[in-house]
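Trainee: Please take one part of this model and go through it closely, together with what surrounds it. Give the cut-off for each term when you first use it.

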Amino acid sequence: MTIAAECARMAVSPTTITTRQETSGGLPVDAVLYPEQVAFARVLTRGSLLAWATDPATDPVDVRSALDAESRRIVPATEDNEPWRASTRMQTVLFALRSHRRQQYLAPGAAVQPDRWNLLRHSDELGLPAAVAGVLSAVG
């Protein structure tokens with residue numbers, strides 16, 4: 001949820017946030033951005049997207065296009081909103097996961113960093129090595 005909250009804060013314009021806070025009686029930023037945060041979290045935990053986007057064979061341009069479309073669906077691209085910032089953040093996270101996934105298959109006995117793999121536990125399609133699955137069940 002931390003990454004999703006970052007995406008929401010980056011994408012929604014400060015003007016929109018201020019307007020929402022005024023109309024909601026002064027709720028904190030995270031509260032007024034909660035719908036977007038949940039939507040970004042759902043995107044980042046969608047198993048099919050994780051499997052596809054972290055696959056080293058998937059073209060990075062296709063991943064970026066898909067993330068751009070998802071970001072614009074959640075936060076429409078208006079004059080003030082910047083959904084591309086959320087796309088960039090999600091792309092950074094997914095490509096880091098892609099790199100870890102590639103390293104794990106190249107060196108199956110290598111140490112796994114559980115915080116980096118935490119998102120991948122949402123995908124049953126990955127067929128993660130037993131060492132990774134064991135770490136994830138302990139973390140998750």
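**A close look at one helix**

Mentor: Gln91 is in contact (heavy atoms within 4.5 Å) with Arg64 and Leu67, once its neighbours within four places in sequence are left aside. The model is predicted, with local features requiring pLDDT of at least 70 and side-chain atom pairs counting only at pLDDT 80 or more, whereas totals for chains, interfaces and linings use all residues. Residues are numbered from 1 along each chain as its sequence is written, and side-chain values use heavy atoms, without hydrogens or water.

Gln91 lies in helix H7; helices here are DSSP runs of H or I with at least four residues, strands are runs of E with at least two, and both are numbered from the N terminus. With a relative accessibility of 18%, Gln91 counts as buried, where buried means under 20% relative accessible area, exposed over 50% and partly exposed in between, for a 1.4 Å probe and protein chains only.

The part to examine is helix H6, residues 60-74. Its 15 residues, at 1.5 Å a residue, should span 21 Å, and the C-alpha atoms at its ends are 21 Å apart, which agrees. The expected span is 1.5 Å times one less than the number of residues.

Which residues of H6 are buried? They are Val63, Leu67, Asp68, Glu70, Ser71 and Ile74. Viewed down the axis of H6, these buried residues fall within an arc of 165°, so they line one face of the helix. The arc is taken over the directions from the helix axis to the C-beta atoms. An α-helix has 3.6 residues a turn, so residues three or four places apart point the same way. On the face of H6 turned away from the buried side are the exposed residues Val61 and Arg73.

Glu70 is one of the residues of H6, and its relative accessibility of 16% is why it counts as buried. Beyond its neighbours within four places in sequence, Glu70 is in contact with Val43 and Arg46. Its side chain also makes a polar contact with the side chain of Arg73, at 2.7 Å. A polar contact is a pair of N or O atoms within 3.5 Å; within protein, one atom must be able to donate a hydrogen and the other to accept it, and residues adjacent in sequence count only if both atoms are side-chain atoms. Glu70 and Ala86 are 16 residues apart in sequence, with their C-alpha atoms 9.5 Å apart in space.

In soluble globular proteins, nonpolar side chains tend to be buried together.

Leu67 is also among the contacts of Leu94, which, leaving aside neighbours within four places, touches Leu50, Ala53, Thr54 and Leu67. Not counting residues up to four places away in sequence, Glu36 touches Ala8, Val12, Arg20, Ile74 and Val75. Glu36 is buried, with a relative accessible area of 9%, and its C-alpha atom is 9.1 Å from that of Ala11, 25 residues away along the chain.

Thr58 is buried at 8% relative accessible area, and its side chain reaches the backbone oxygen of Trp52 at 2.6 Å. Outside four places in sequence, Thr58 is in contact with Trp52, Val63 and Arg98, and Val63 is one of the buried residues of H6.

As for the setting, the chain has nine helices and zero strands, and 39% of its 140 residues count as buried. Of contacts between residues at least 6 apart in sequence, 60% join residues at least 24 apart. The mean pLDDT, the predictor's confidence in each residue from 0 to 100, is 81, and 74% of residues reach 70 or more. Over residues 128-140 pLDDT stays under 50, and the model has 18 contacts beyond four places in sequence for that stretch.
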